[in-house]
Amino acid sequence: MSEFNTFTGKTVDDAITEACRFFATERDKLEVEIITGGSTGIFGLMGKKKAQIRARRRLDPAVVALIEEDERKEKAAAAACAAPAAGSTPQEEPREAAAPNGQQPQERGQRSRPPRRDKPQNHREPREPRPERPRREHPAQAKAEQRPQNGSDHRMDALDDDLPEGQDQSPASAELIALTTEIMNRLLVPILEQEPKMEIDGTASRVNVLIQDEEHSGLLIGREGQTLAALQYLANRIVARRWKTPVRVQINTGEYREKQDDNLRKMALYLADKAKNLGRPQSTKPLSSYHRRVIHMALQNDETIQTRSKGDGPMKRVIIVPKRAKVEAAAQAQ
């Protein structure tokens with residue numbers, strides 16, 4: 001069958017006209033395949049592409065059938081010549097001569113190896129003992145131990161509760177009270193949608209803010225005091241930027257601080273009784289410096305136990321240890 005020829009032109013029509021001129025025939029007697037339609041480019045200046053087609057003479061169907069029949073016969077004859085003659089068997093490759101002494105012949109490309117010396121079956125060479133390496137703690141386990149036990153962010157509590165205090169016990173100045181009032185209004189008005197009622201007093205190193213809003217106290221406290229801790233953290237960060245000396249701001253509403261301190265004292269008494277009964281030290285969850293102080297003060301009059309802080313930074317906690325005399329007396333009684 002005749003092969004296609006490629007023709008180009010500014011447009012597809014120009015390319016077809018060029019093909020008709022080449023084959024000296026009309027359009028309807030050609031088989032045309034369009035490769036690219038061409039492009040005029042941008043404003044006819046850039047990116048112009050010519051149209052490209054493939055064309056050949058259109059053959060009569062009877063002629064096409066004869067040509068295809070001849071091609072099939074040629075392919076069948078070529079396949080018959082390539083196939084092996086009937087009844088013939090493939091030749092086997094000559095086997096290699098057996099090696100002397102009953103050894104197996106070596107495969108091609110395999111290197112010869114020296115004869116292996118026989119060793120006793122139970123013979124083992126002594127190994128030098130390896131030095132013991134220090135046991136490394138898995139990172140996931142270390143993170144799990146450092147994670148606080150409750151849902152509150154103790155890092156936030158530590159940052160605002162551990163700010164320096166007690167440096168200046170003089171009454172808070174009017175400028176510091178005004179600055180704290182401005183900051184608290186900017187934090188609380190978007191939440192309460194009204195200007196809050198507050199009592200602000202304290203010293204030059206500690207400012208106490210009491211929000212007098214019983215209706216919205218639960219909203220300001222949040223779950224386990226998270227919202228109140230967040231507001232206190234933001235207030236302390238803003239004051240630290242705008243005030244020249246270290247100041248700690250403590251926010252309270254709905255008697256939350258009093259209830260929290262009371263719960264801490266109950267927990268301290270419970271852990272102290274547990275430590276004395278079991279004879280083993282007991283530990284609190286990670287606490288801020290203010291909350292650790294509440295634990296120490298609640299147990300300072302109990303002579304049968306002693307308390308101490310353990311840990312670093314936000315992971316610091318209180319350890320309640322029973323004294324030896326009490327532990328030995330309980331052991332003798334048993």
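**A tour of strands and salt bridges**

Select aspartate 262 to begin: at a relative accessible area of 34%, aspartate 262 is partly exposed. Keep in mind that this is a predicted model.

Next, pick arginine 242 and glutamate 182, whose side chains meet in a salt bridge at 3.5 Å, N to O. Arginine 242 belongs to helix α7 (residues 226-242) and glutamate 182 to helix α5 (residues 174-192), so this pair ties together parts 60 residues apart in sequence. Arginine 242 is partly exposed at 43% relative accessibility, and glutamate 182 is partly exposed at 35%.

Hop over to arginine 54 and glutamate 33, another salt bridge, with the closest N and O atoms 3.4 Å apart. Here arginine 54 comes from strand β3 (residues 51-57) and glutamate 33 from strand β2 (residues 30-36), 21 residues apart. For a network of salt bridges, show Asp273, Lys276 and Asp302 together. The whole structure has 7 salt bridges.

Time for some strands. Select residues 198-202 (β4) and 206-211 (β5), an antiparallel pair with 5 bridges. A hairpin of 3 residues joins β4 to β5, and isoleucine 200 stands opposite valine 209 in β5. Look for leucine 210 opposite asparagine 252 in β6.

Last stop: Glu68, Asp70, Glu71 and Glu74, which form a negative surface patch. Glutamate 68 is in helix α2 (residues 61-82).

Note on methods. Residues are numbered from 1 along each chain as its sequence is written. This is a predicted model: local features need pLDDT of at least 70, side-chain atom pairs count only at pLDDT 80 or more; totals for chains, interfaces and linings use all residues. Side-chain values use heavy atoms; hydrogens and water are left out. Two strands pair if DSSP finds at least two bridges between them. Helices (H or I, at least four residues) and strands (E, at least two) are DSSP runs, numbered from the N terminus. Patches are made of residues with over 30% relative accessible area and no salt bridge: like charges are joined within 9 Å, nonpolar side chains (Val, Leu, Ile, Met, Phe, Trp, Tyr) within 5 Å. Accessible areas come from the Shrake-Rupley method with a 1.4 Å probe; for residues, only the protein chains shown count as cover. A salt bridge is a side-chain nitrogen of Lys or Arg within 4 Å of a carboxyl oxygen of Asp or Glu. Lys and Arg count as positive and Asp and Glu as negative; His and the chain ends are not counted. The place of a charge is taken as NZ of Lys, CZ of Arg, CG of Asp or CD of Glu. Buried means under 20% relative accessible area, exposed over 50%, partly exposed in between (1.4 Å probe, protein chains only).
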